[in-house]
Amino acid sequence: MERKVIVICCVVGFLGLLSAATGFGAEATRIKGSEVQITSPTQCSYPRSPALGLGLTAAVSLLIAQVTINVATGCICCRRSPYPSNSNWTIALVCFVVSWFTFVIAFLLLLTGAALNDQHGEEGMYFGNYYCYVVKPGVFAGGAVLSLASVTLGILYYLTLQSAKNNNTNLWGSSSVPHQGGIAMGQPQFPQQSTQEPVFVHEDTYMRRQFT
């Protein structure tokens, strides 16, 4: 395996683990409903929590990982040359689509959870009764699991794409000159035509040469 491939997989894998770890950390430190105090009929008092910073860190790490893996592989939808009929290309395309799907959901969950967890001093109203906003259980955890799945599928997509490219290169070779089929090139075998003009000899001179 090339050194570049190893480095990219290590960087993206580290960012994925960081996103998942901070996402689970945000889930553990999120503000619970029992921690919110109602100071007035329309005012809520929230304690400070590191869930905001952890959620933002998870979302940013996931974004950097997704951008890195897609820059390394290139845009799979922008290729002009046709793809070879290889199962590796099909697997790579499926991983690419599912990776982006899980990335979008995970990024929105982490970012929205971080924003809602910082609703200090605000309140909502439900059928005339005021209540305090809190992040529902499982929002950060779901984002962490999906971010880990997104990064894993991205790495699998990258490795499968590299394997398909290597197989295609080995199949067709690196030479861009088509094989000539063993046809030898040679010079025509026709006798060379002389371009010298004929020389006329006088009849007496010709007769003298024959007698001598």
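Begin by selecting helices H2 and H3, where H2 passes H3 in a left-handed crossing; a crossing is called left-handed if the near helix is turned anticlockwise from the far one by less than a right angle, and right-handed if clockwise. Before going further, note that this is a predicted model, in which local features need pLDDT of at least 70 and side-chain atom pairs count only at pLDDT 80 or more, while totals for chains, interfaces and linings use all residues. Residues are numbered from 1 along each chain as its sequence is written, and side-chain values use heavy atoms, with hydrogens and water left out. The helices (H or I, at least four residues) and strands (E, at least two) are DSSP runs, numbered from the N terminus.

**H2 against H3**

With both helices still selected, look along their axes, which come within 8 Å and cross at roughly 160 degrees; axes here are lines fitted to C-alpha atoms, for helices over the stretch in contact, and the angles run from 0 to 180 degrees between N-to-C directions. That angle makes H2 roughly antiparallel to H3, given that angles under 35 degrees count as roughly parallel, over 145 as roughly antiparallel, 65 to 115 as roughly perpendicular and the rest as oblique.

**H1 against H2**

The axes of H1 and H2 come within 8 Å and cross at roughly 160 degrees, which makes H1 roughly antiparallel to H2, and the crossing of H1 and H2 is left-handed. The residues of the contact of H1 with H2 divide into 13 nonpolar, nine polar and no charged.

Which residues is Thr29 in contact with? Select Thr29, which has its place in helix H1, and you will find Ser49, Pro50, Ala51 and Leu54 in contact with it, leaving aside its neighbours within four places in sequence. The C-alpha atoms of Thr29 and Ser49, 20 residues apart along the chain, are separated by 6.4 Å. At 30% relative accessibility, Thr29 counts as partly exposed; buried means under 20% relative accessible area, exposed over 50%, and partly exposed in between (1.4 Å probe, protein chains only).

**The nonpolar cores**

Now select Val12, Val151 and Tyr158, which touch the most other members among the 13 residues of the largest nonpolar core. A nonpolar core is a set of buried Ala, Val, Leu, Ile, Met, Phe, Trp, Tyr and Cys residues joined through side-chain atoms within 4.5 Å. The elements that give two or more residues to this core are helix H1 (3–29), helix H2 (51–73), helix H3 (87–116) and helix H4 (139–172), and its largest share, five residues, comes from H1. Apart from this core lies another, of eight residues, among them Ala51, Ala59, Leu110 and Phe140.

**Around Tyr158**

Centre the view on Tyr158, which touches Lys4, Val5, Ile8, Cys9, Ile69, Ala72 and Thr73, not counting residues up to four places away in sequence. Ala72, found in helix H2, is partly exposed with a relative accessible area of 23%, and its C-alpha atom is separated by 7.9 Å from that of Tyr158, 86 residues apart along the chain. Thr73, also placed in helix H2, is buried with a relative accessible area of 8%, and Thr73 touches Tyr157, Tyr158, Leu161 and Lys165, again not counting residues up to four places away in sequence.

Finally, select Cys95 in helix H3, which is buried, with a relative accessible area of 6%. The C-alpha atoms of Cys95 and Tyr158 are separated by 9.0 Å.

Terms used. Contact means heavy atoms within 4.5 Å. Ala, Val, Leu, Ile, Met, Phe, Trp, Tyr, Cys and Pro count as nonpolar, Asp, Glu, Lys and Arg as charged, and the others, Gly among them, as polar.
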